[in-house]
Amino acid sequence: MSVIFRTFKFNLHRKSVNTPYCKCFIFRNASGSPKKFITFDEVIAQRRAEARRSLVVQVNSESSFDELYGYCSKYSIVNDVHHYQNSNNEHYMLIEFGSEDSKREVLKACSAHQKSTDIMPVQSPFLWFRAASGTKEKFSNTKKSLAVKHGNSKVDEDMLFKELLNCESVSDQLLLLYNKTKLNDMDIRLRFMVARQLEAIFSSIYANVAIKPFGSSVNGFGKMGCDLDLVLTNTVAPEMMEASRRLVFQEKICEGGRSPWQRHMELVATLLELRAPGVARVTRILNARVPIVKYSHEMTDLDCDLCYNNTSGVYMSELLWLLGTLDYRVQPLTFAVRMWARACSLTSPHPGRWITNFPLTLMVLFFLQQKRHDGIILPSLNNLIKMAGKDDIRIAEENLNCTFLRDLNKLPEDSYGQSNDSLQTLLFQFFEFYAQFDFQDRAVSLNEGVAIRKPNSLPLYIVNPLEQVLNVSRNVSFEECERLKMEVRNAAWHLESLLDGKKTDDWGILGLLEKQTTRNLKKLLKVGNNHRLVSVKDLFVAETPEVNTKSDRISKTEQSIKDSLDSKTRNLKFKNTQVAKQVYRIRRNKLL
Ligand code: CTP
Ligand code: MG
């Protein structure tokens, strides 16, 4: 059967060059020879620098562009302006300036905050554009236009399913799905802006502070709207360790019963609540092995998880990113598997006894390390470790050795991307591989690239590639593992039915994501034109139906606060910061 699937050849450009992370994928190195791969560190440094010379400004609509552009150009060179709208229907422009210094000039020209609501001034890259008082300034006509309009609008599900239906092959479907749902440039820029905002706020308290995105925001497997994992580090710069420097900072030891970083994260959470515009719903999860502060960033619609010093998580993201860029098929295949798993409820947005996207991604990568008739697609991690040089040495927290080859240009061409199998073939083989996998006795090990004997009887064992004594799927219950086995079999059967050549409404990836009957039911339940779907359980809640959607709830709350402002309570002081913030935002009635 696999042989028949292998005959579905799909003619594609070989190595990917068009992902948002690979804008400068091919360039020349010092010796003048073309460099195929850029390193993870280079990509991250480029994105962080971009964020350092950018600002996000709330405006009235996209038509505010000319005036905003004219106004900012008075102070500095503007590279590009990108427009987006959040779920609260607020319009924003992300402005990238020519340099960080130019951006600083603009910040110097910013106005102070309104005093009336007891707000203390704060410097942050999130601003708003006030309407001009008196006569409007005239700006010379600019030929410049917005680089992007509605840069982060979500994909319309109906349109996507229609396009998937019209694809020629399953391989086409997989590529389409990947291209339509992966993080786009705007979304990535915003993620780095949110990180930059915290860096700006915390830099006066922690020396050398860096806040970096990790996880699916940067590992190449993130889809639009995925959570933003952030790590805070404040390592001492090597030159500051020199014993010849005789003037030394007086420093403070963090005392107390709890671990110092639990206490610092508590402080960080409070700072987020009090000092970071746009931050809401801060939750502290401080007793976990890695203390986390969760929050929502309302201006960008991002749900964020901030942790401290989890550098192994960053190196893990780097490893996944490297493997994802080695072959054009890795990311589309992983996207399809992650979406299939979500569709059949193998994964869930909530933590529990089920598999999550991270171990699922490792399962796909492990499958691609297997020897096939015409070679391998991905190398084992042991191979990458063997090839590592001095520059690749990385030691994470708790002395964890995270050394592996970083510059993929040094990897021999015949050690990856060898097979000619199409994406369609690979998807089928993935399900077939795990339908036959011996979960009872074997563990998935990306280090070896082959299944190894399980060290214990946990139902699912996926070795943590950077800390091999750990199982990244130790939370998965026996029942969930059984369901995983059943669902991979069902998926293999579904794809096998394609062999009769008939294209039904559920053909290919469609039947794995959402059956036609479910799609029709959802269409019936769709409300408004905002392309959000009502869940069936919403039909049974006792609340008044018109306040069920998020935007309804927000506009209701805002309306009631507005009403109360209009009344004699206008001069009330708000104890609750959340309410105060909302009132403050409504008072920006002169927003341009
Ligand atoms: N991670 C890890 N070890 C684990 C779990 C997570 O090193 N046992 C790291 C990985 O780099 C992972 C990141 O933490 O990518 C974030 O974890 P998580 O948010 O669970 O996964 P994502 O890859 O970000 O996927 P999702 O889109 O579902 O958030
Ligand atoms: Mg994540």
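## Helices H2 and H7

H2 and H7 are roughly perpendicular to each other (angles of 65 to 115 degrees; under 35 is roughly parallel, over 145 roughly antiparallel, the rest oblique). The axes of H2 (residues 40–52) and H7 (residues 185–202) cross at roughly 70° and come within 9 Å. Axes here are lines fitted to C-alpha atoms, for helices over the stretch in contact, with angles from 0 to 180 degrees between N-to-C directions. Helices (H or I, at least four residues) and strands (E, at least two) are DSSP runs, numbered from the N terminus.

H2 contributes Ile44, Arg47, Arg48, Glu50, Ala51 and Arg52 to the contacts with H7. On the H7 side, the partners are Asp185, Ile188, Arg189, Phe192, Met193, Arg196 and Glu199. Contact means heavy atoms within 4.5 Å.

## Basis of the model

This is a predicted model: local features need pLDDT of at least 70, side-chain atom pairs count only at pLDDT 80 or more, and totals for chains, interfaces and linings use all residues. Residues are numbered from 1 along each chain as its sequence is written, and side-chain values use heavy atoms, leaving out hydrogens and water.

## Phe40

Phe40 belongs to helix H2. Its relative accessible area is 4%, so Phe40 is buried (under 20% relative accessible area; exposed is over 50%, partly exposed in between; 1.4 Å probe, protein chains only).

Leaving aside residues up to four places away in sequence, Phe40 touches Val218, Val314, Ser317, Glu318 and Trp321. Phe40 and Trp321 lie 281 residues apart in sequence, yet their C-alpha atoms are 7.3 Å apart.

## Helix H11

H11 (residues 357–368) has 12 residues. From first C-alpha to last, H11 reaches 17 Å, close to the expected 16 Å (1.5 Å times one less than the number of residues).

H11 is largely enclosed by the rest of the structure, because 10 of its 12 residues are buried. Among them are Pro359, Thr361, Met363, Phe366 and Phe367. The buried residues of H11 pack against H9 (311–326), H10 (330–343), H13 (423–435) and H14 (478–496).

## Whole protein

The protein has 18 helices and 15 strands. Of its 592 residues, 48% count as buried. Among contacts between residues at least 6 apart in sequence, 67% join residues at least 24 apart. The protein exposes about 30,300 Å², with 53% supplied by carbon and sulfur atoms (Shrake-Rupley method, 1.4 Å probe).

## Cysteines

The disulfide count is zero (a disulfide is a pair of cysteine sulfur atoms within 2.5 Å). Cys226 is buried at 13% relative accessibility. Cys344 is buried at 16%.

Note on methods
Chains are lettered from A and ligands numbered from 1 in the order in which they are written.
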